[in-house]
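Take a look at the sequence and the 3D structure below.

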Amino acid sequence: QVQLLESGGGLVQAGRSLRLSCAASGRIFGINAMGWYRQVFGKQRDVIATISSSGSTNYADSVKGRFTISRDNAKNTVYLHMNSLKPEDTAVYYCNAAQFVDARVGIVDYWGQGTQVTVSS
């Protein structure tokens, strides 16, 4: 089992910045990609940024140029640096880790508990 602990959410004014952190613990061997998703109440959970074990990143169009995902493998932690925040960025942000278990099981997804980010106008 992998545990993901998120931190760093909160209330911030539009145009300001926040940094989210997600620390992985437990049986972390084999974790490949990690990422951040967000969900607005009543809507689906959307991926906004991912980072592979080698450091390759991908971003949703809505956050490109404003958000940066990074990873500290020594600390088993992934970060989301959010700049120029907008009210439409308001959501619950979830950390995700994709772990390759074995050839039979394949990849298992783990999720953090979520952290609320609220951007006021």
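Four strands form an open sheet in the order E1-E3-E8-E7, and their pairing is antiparallel. Strand E1 (2–7) and strand E7 (67–72) are the edges; each has a single partner strand, so one side of each is left without a neighbour in the sheet. Keep in mind that this is a predicted model.

**Inside the sheet**
- Neighbouring strands here are turned by 15° against each other on average, direction ignored.
- Strand E3 covers residues 18–26 and strand E8 covers residues 77–82.
- These two strands, E3 and E8, pair in the antiparallel sense over 6 bridges.
- Across from Leu18 stands Met82 in E8.

**The aromatic pair**
- A pair of aromatic rings is described by the distance of the centres and the angle of the planes.
- The structure holds 1 such pair.
- The ring centres of Tyr37 and Trp111 are 4.8 Å apart and the planes stand at 75°, so the pair is edge-to-face. The cut-off for that label is over 60 degrees.
- Tyr37 belongs to strand E4 (residues 31–39) and Trp111 to strand E10 (residues 106–111), so the pair ties together parts that are 74 residues apart in sequence.
- Trp111 has a relative accessible area of 37%, so it counts as partly exposed.

**A charge over rings**
- Which rings does the charged end of Arg45 sit over?
- One is the ring of Tyr94, with the charged end 3.6 Å from its centre.
- Another is the ring of Trp111, where the charged end of Arg45 sits 4.7 Å from the centre.

Key:
Residues numbered from 1 in each chain as written. Predicted model: local features only at pLDDT ≥ 70, side-chain atom pairs only at ≥ 80, totals over all residues. Heavy atoms only, no water. Pairing = 2+ DSSP bridges. Axes fitted to C-alpha atoms, helices over the stretch in contact; angles between N-to-C directions. Phe/Tyr/Trp six-rings, centres within 6.5 Å; stacked < 30°, edge-to-face > 60°. Buried < 20%, exposed > 50% of the residue type's maximum accessible area, 1.4 Å probe, protein only. Lys NZ or Arg CZ within 6 Å of the ring centre and 35° of its normal.
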